[in-house]
Amino acid sequence: MSWKSERNGRIPTRLKMRRKQKNLSREEVAAKAGISLSGYLDLEAGRWYPRLDTAYRLARVLAAAVDELWPDD
């Protein structure tokens with residue numbers, strides 16, 4: 001498995017786990033973060049990464065640090 005595909009698998013997993021821990025639906029997270037549902041679904045599927053301002057909004061909604069959801073490793 002390449003570094004990129006491994007990383008793409010972990011980040012969506014972190015988002016899903018955190019969302020479920022907070023007992024939020026995908027629709028709720030998207031609405032609270034001010035992004036479209038399709039955009040959030042793409043994030044959870046690992047198809048794209050958010051801009052920094054969007055990452056901060058998502059982290060705030062999920063009560064997490066940005067680097068917890070999108071680590072540098």
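Axes are lines fitted to C-alpha atoms, for helices over the stretch in contact, and the angles between N-to-C directions run from 0 to 180 degrees. The structure is a predicted model, in which local features need pLDDT of at least 70, side-chain atom pairs count only at pLDDT 80 or more, and totals for chains, interfaces and linings use all residues. Residues are numbered from 1 along each chain as its sequence is written, and side-chain values use heavy atoms, with hydrogens and water left out.

**View 1. Overall architecture of the protein.** The protein contains five helices and zero strands, and its elements run α-α-α-α-α from the N terminus on. Helices (H or I, at least four residues) and strands (E, at least two) are DSSP runs, numbered from the N terminus. Of the 73 residues, 37% count as buried; buried means under 20% relative accessible area, exposed over 50% and partly exposed in between (1.4 Å probe, protein chains only). Among contacts with a separation of 6 or more, 55% are accounted for by residues 24 or more positions apart, a contact being heavy atoms within 4.5 Å.

**View 2. The two sides of helix α2 (residues 26–33).** V29, A30 and A33 are the buried residues of α2. They cover an arc of only 95° around the axis, and therefore lie on the same side of α2; the arc is that of the directions from the helix axis to the C-beta atoms. The exposed residues A31 and K32 are carried on the face of α2 turned away from its buried side. Just after α2, G34 takes a positive phi of about 75°.

**View 3. The buried side of helix α3 (residues 37–45).** Within α3, the buried residues are G39, Y40, L43 and E44. Because their arc around the axis is only 135°, they are on the same side of α3. G46 follows α3 and has a positive phi, near 80°.

**View 4. The crossing of α2 and α3.** Two packed helices are described by the angle between their axes and the distance between the axes. The axes of α2 and α3 come within 9 Å and cross at roughly 115°. The two helices, α2 and α3, are therefore roughly perpendicular to each other; angles under 35 degrees count as roughly parallel, over 145 as roughly antiparallel, 65 to 115 as roughly perpendicular and the rest as oblique. R26, E27, V29 and A30 in α2 meet L37, Y40, L41 and E44 in α3. The residues of this contact of α2 with α3 comprise five nonpolar, no polar and three charged.

Conventions:
Ala, Val, Leu, Ile, Met, Phe, Trp, Tyr, Cys and Pro count as nonpolar, Asp, Glu, Lys and Arg as charged, and the others, Gly among them, as polar.
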